[in-house]
Amino acid sequence: MDATAVAKSAPANIGARPQPLGEPKIIARDVNVHYGEKHALKNVTLDVPEKAVMAFIGPSGCGKSTFLRCINRMNDTVASAKVSGLIQIDDQNIYDPSLDVVQLRARVGMVFQKPNPFPKSIYENVAYGPRIHGLARNKAELDEIVESSLKKASLWNEVKDRLNDTGTGLSGGQQQRLCIARAIAVSPEIILMDEPCSALDPIATARVEELIEEIRRNYTIVIVTHSMQQAARVSQRVAFFHLGILVETGETEKIFTSPNDKRTQDYITGRFG
Amino acid sequence: MLTFETPENERRVGDQQIAWLETLKAKGLVDSGFNTGFFTSGDSREAEQAGILGALVGSLMTMFVTLVFCLPVGVGRGDLSRGVRAKNRWTDIIEININNLAAVPSIVYGLLGLAIFLNFFGMPRSSAVVGGFVLALLVLPTIIIASRAALKAVPPSIREAALGVGASHQQAVFHHTLPLAMPGIMTGTIIGMAHALGETAPLLLIGMVAFIVDVPTSFTSATTALPVQIYLWSDLPEVAFQAKTSAAILVLLLFLFAMNGLAILLRKRFERRW
Ligand SMILES: Nc1ncnc2c1ncn2[C@@H]1O[C@H](COP(=O)(O)OP(=O)(O)O)[C@@H](O)[C@H]1O
Ligand SMILES: [Mg+2]
């Protein structure tokens with residue numbers, strides 16, 4: 001191989017090269033996001049492996065949420081946001097004009113930073129998604145979906161006797177697991193979690209992490225977290241963002257023990273952020 | 001009601017008639033009681049026969065037109081300025097105007113109604129439909145402002161949650177945002193309606209001030225409204241019309257109290273903290 005060939009094959013971003021770990025479920029190429037004048041995300045190229053947990057870490061304001069919200073096109077709801085570049089899920093371009101955003105969001109579930117259950121009953125919270133997508137033919141099937149979703153979110157035992165109580169009356173950790181159950185209920189392939197534990201106490205956090213561990217074999221999970229310990233505990237791959245740039249991605253072990261980039265090194269050793 | 005200090009020639013009831021009345025009273029054939037006729041008859045030249053049914057029905061019809069016209073427009077306008085729609089010069093101009101319109105004197109709306117609905121579109125004078133439209137324009141800013149505040153008070157996280165499970169924009173609005181904002185919207189609407197119910201000036205200009213005996217049977221037939229009826233009666237010289245005026249005012253106030261009470265009740269009952 002001569003020098004030019006090497007230069008050509010080397011990606012602009014070293015860390016972006018996919019590492020062996022499952023098939024890539026989501027492929028992002030040169031994704032740029034502008035909020036009006038502000039260039040929030042710069043040329044992000046990244047693969048997300050299937051049926052595994054990928055964590056996005058980085059100092060706050062570096063664009064982790066912005067990128068996450070590109071994956072289910074939630075940025076469409078922000079008037080000033082302009083997204084360019086390519087994002088594919090299973091080889092399908094999700095920014096294709098002919099794509100149905102509603103169907104996309106059914107395939108790509110989302111759990112938000114602050115637990116946001118609907119101010120309705122626990123049952124209704126979980127049943128809403130399946131109902132609007134017509135996933136159940138009758139009440140019994142719907143009951144079934146609600147029960148299995150709550151079980152998968154390891155919330156069933158705590159709420160099975162009070163499914164008609166309002167969801168906002170649960171504790172913060174329970175509310176967040178309810179939101180996970182609500183996302184699971186529409187059988188998504190991908191679940192996006194934006195700092196799902198930042199509003200929770202350590203015990204509730206541990207329960208959510210256990211839950212992620214339990215479901216990760218069946219879903220592709222992308223989690224944004226500001227806690228490096230959490231990234232180390234729950235993820236198999238990590239992507240480190242800094243000032244709108246994807247600095248480095250790699251297997252969690254590797255990133256936390258021997259990162260390639262100086263900035264990653266500084267961040268995980270707590271020198272900034 | 002009957003004052004004997006007034007000289008006979010200044011009264012409609014002569015001394016002789018009063019004497020007859022006294023004898024009838026003494027025989028137990030006349031007494032004072034609840035005047036149901038007041039609620040079951042239309043206006044009349046004779047104070048004894050004048051009732052408020054015509055004005056009441058006219059007011060209700062007018063309010064109905066106002067409500068049907070206002071609620072969808074108000075809510076739509078309140079929702080339009082939020083969410084995905086980009087802010088631009090047009091939305092800014094509309095915003096400024098909504099806020100200013102709320103402060104325009106009501107008689108100006110009467111002139112507007114006269115010029116547009118009657119003269120330009122040739123709609124029937126004195127009718128409930130025109131009255132309803134004029135009052136709708138009058139209270140629309142109030143309803144829009146209230147709806148917008150109520151819709152804004154619903155946290156965006158609820159809308160995002162709905163979109164996140166694959167609800168369309170319409171589903172998110174109609175299944176979540178709107179129902180949660182409804183108590184606030186209803187409160188604003190009821191207060192707007194109470195405002196419209198008591199409004200007199202714009203109705204004078206579109207001819208709802210006429211003396212109308214018949215109870216209106218359609219939205220296009222000539223009618224009057226409760227506050228206008230009060231205004232008309234208060235102007236009449238006959239003593240008995242004073243009583244009628246007071247009674248009509250009581251009825252109007254009763255409606256206003258009831259509506260405002262309902263608004264407060266709704267707010268108390270459905271108030272939600274996030
Ligand atoms: N809706 C928005 N409008 C304008 N700027 C935004 C918006 N959302 C995020 N930003 C900006 O984009 C940058 C990245 O934000 P974000 O993705 O939320 O960061 P992170 O999640 O990593 O903390 C920040 O500088 C933020 O100020
Ligand atoms: Mg964030």
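Which hand does the crossing of H5(A) and H7(A) have, left or right? Point 4 takes this up.

1. This is a predicted model, in which local features need pLDDT of at least 70, side-chain atom pairs count only at pLDDT 80 or more, and totals for chains, interfaces and linings use all residues. Residues are numbered from 1 along each chain as its sequence is written, chains are lettered from A and ligands numbered from 1 in the order in which they are written, and side-chain values use heavy atoms, with hydrogens and water left out.

2. The shell around ligand 1 includes A:Tyr35, A:Ala40, A:Ser60 and A:Val78 (a residue is near if one of its heavy atoms lies within 4 Å). Its residues are four nonpolar, five polar and two charged (Ala, Val, Leu, Ile, Met, Phe, Trp, Tyr, Cys and Pro count as nonpolar, Asp, Glu, Lys and Arg as charged, the others, Gly among them, as polar). Strand E2 (38-49) and helix H2 (64-71) of chain A each supply at least two of the shell residues (DSSP runs numbered from the N terminus; helices are H or I of at least four residues, strands E of at least two). H2(A) gives the most, three residues.

3. A backbone N or O atom lies 3.1 Å away in A:Gly63 and 3.3 Å away in A:Cys62; for A:Lys38 a polar side-chain atom lies at 3.4 Å.

4. In chain A, helices H5 (residues 139-152) and H7 (residues 172-184) pack at about 130°, axes 8 Å apart (lines fitted to C-alpha atoms over the stretch in contact; angles run from 0 to 180 degrees between N-to-C directions). H5(A) is therefore oblique to H7(A) (under 35 degrees is roughly parallel, over 145 roughly antiparallel, 65 to 115 roughly perpendicular, the rest oblique). Their crossing is right-handed (near helix turned clockwise from the far one by less than a right angle; anticlockwise is left-handed).

Technical notes. A polar contact is a pair of N or O atoms within 3.5 Å; within protein, one must be able to donate a hydrogen and the other to accept it, and residues adjacent in sequence count only if both atoms are side-chain atoms.
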